[in-house]
Amino acid sequence: MLLPVILMLSAAITPWYLNNGLRASVFNGNATILLAVSGFVIARDFFHERLTARLGLSASIWVATSLSALVVVGFIFPNDAPLPPRYAFFLLIICHFAVALFVLVLVQERAEEKLIRLANTDMLTGIPNRQHFFNSLPKILGPGDAFVLIDIDFFKRVNDMYGHDKGDVVLINVARTIARSAPSSCVLGRLGGEEFSLFFRGQTAASAFALAEQVREAVHALSLVFEGNQVTPSVSAGVALWEAGLTEQDVQKRADQALYIAKNKGRNRVELFSSVGLTCSVLAPEPLPARAG
């Protein structure tokens, strides 16, 4: 919409096309407006697509905007212009080369960012995958670091009763619910199959347990309908905190042991591993409905 308006206004200035100075002023005036709008849009979209090439491209366009404006000023006020039009125009040509270069860099950065996103995303659920989860963990664990292993209860039963396509629906809904209910500061990943993992920092045993319980409750609030039957997914979770002398693998094994206890105690519950052999748990499972008929 902006370009036709500018062209119409330019055409209304007669006989601008018969004068070289006016013709150059109109052309560069239009360029100034369009470049200014482009620079604003590219800078604004940086908050949605944080690619460094956007900064260089935006800066180049703003410089080009300023130079185009100087060309206009130089033709209209030749005696008072801060820069002669020929010099401003020469610099503008160089600046346009910079704009083209940053456009190419932006395209390359977008392609690389897309590849990285694809490599780190679980294609079915849309959440981070196993590789991204383990790559995002800190190099060294410390006090307050906690692992939560989560497993969907009776998942094989859903596949057997309703088919693997419905099993995928359960996986997608559970994964997205975990992502929504877990704090944004945690590390989340689908480890494989129906198993997920969370990693938190700065937790106590009580707070880590509460966060896992928050996730469990959110999943259990889901309600899906397959073939006229209501299916309420549930998950079991095992929680373990770092202690002095433990490695990352040690803490994960403890979380896995706590998850195993949760499964043995009836599922749909959270278990907290304790080095003194104590665990905390909540709730009992609700069985999935049988196939109609």
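**Conventions**

I take helix axes as lines fitted to C-alpha atoms, over the stretch in contact, and I give angles from 0 to 180 degrees between N-to-C directions. Angles under 35 degrees count as roughly parallel, over 145 as roughly antiparallel, 65 to 115 as roughly perpendicular, and the rest as oblique. The model is predicted, with pLDDT of at least 70 required for local features and 80 or more for side-chain atom pairs, while totals for chains, interfaces and linings use all residues. Residues are numbered from 1 along each chain as its sequence is written, and side-chain values use heavy atoms, with hydrogens and water left out.

**Entry 1: the chain as a whole**

I began with the secondary structure and found nine helices and seven strands. I then looked up burial: 43% of the 293 residues are buried. Here buried stands for under 20% relative accessible area, exposed for over 50%, and partly exposed for what lies in between, with a 1.4 Å probe and protein chains only.

The accessible surface of the chain is about 16100 Å², and carbon and sulfur atoms hold 64% of that surface. These areas come from the Shrake-Rupley method with a 1.4 Å probe, and for residues only the protein chains shown count as cover. Of the contacts (heavy atoms within 4.5 Å) with a separation of 6 or more, 65% join residues 24 or more positions apart.

**Entry 2: α3 and α4**

I checked how α3 (residues 52-76) lies against α4 (residues 85-120): their axes come within 8 Å and cross at roughly 160°. The two helices are therefore roughly antiparallel. The residues of their contact comprise 21 nonpolar, six polar and three charged. In this scheme Ala, Val, Leu, Ile, Met, Phe, Trp, Tyr, Cys and Pro are nonpolar, Asp, Glu, Lys and Arg are charged, and the others, Gly among them, are polar.

The crossing of α3 past α4 is left-handed. That term applies if the near helix is turned anticlockwise from the far one by less than a right angle, and right-handed applies if it is turned clockwise.

I also looked up Val63, which sits in α3. Its relative accessible area is 42%, so Val63 is partly exposed. The C-alpha atom of Val63 is 8.2 Å from that of Leu92, a residue 29 places away along the chain.

**Entry 3: α6 and what surrounds it**

Which residues of α6 (residues 155-162) are buried? I list Phe155, Val158, Asn159, Met161 and Tyr162. These buried residues pack against β1 (146-152), α7 (164-181), β4 (224-226) and β5 (229-231). Gly163 follows α6 and has a positive phi, near 100°.

For α6 and α7 I have axes 7 Å apart and a packing angle of about 140°. The pair is therefore oblique. From α6 the contact uses Phe155, Val158, Asn159 and Tyr162, and from α7 it uses His164, Asp165, Lys166, Gly167, Val170 and Leu171. By class these residues are five nonpolar, three polar and two charged.

**Entry 4: α7 and α8**

At its contact with α8 (residues 205-220), α7 has an axis that comes within 9 Å of the α8 axis, with a crossing of roughly 140°. This makes the two helices oblique to each other. α7 passes α8 in a right-handed crossing. I note Val174, Thr177, Ile178 and Ser181 on the α7 side, and Gln214, Val215, Ala218 and Val219 on the α8 side. The contact has five nonpolar and three polar residues, and no charged ones.

Most residues other than glycine have a negative phi. I looked for exceptions and noted two residues.

- Phe154 has a positive phi of about 50° and lies in the loop between β1 and α6. Its relative accessibility is 24%, so Phe154 counts as partly exposed.
- Arg267 has a positive phi near 70° and lies in the loop between α9 (248-264) and β7 (270-272). Its relative accessibility is 27%, so Arg267 is also partly exposed.

**Entry 5: Pro138**

Is Pro138 buried or exposed? Pro138 is buried, at a relative accessible area of 18%. I place Pro138 in the loop between α5 (130-135) and β1. Leaving out residues up to four places away in sequence, Pro138 touches Phe199, Arg201 and Glu248. Arg201 is 63 residues from Pro138 along the chain, and their C-alpha atoms are 9.7 Å apart.

Technical notes
Helices (H or I, at least four residues) and strands (E, at least two) are DSSP runs, numbered from the N terminus.
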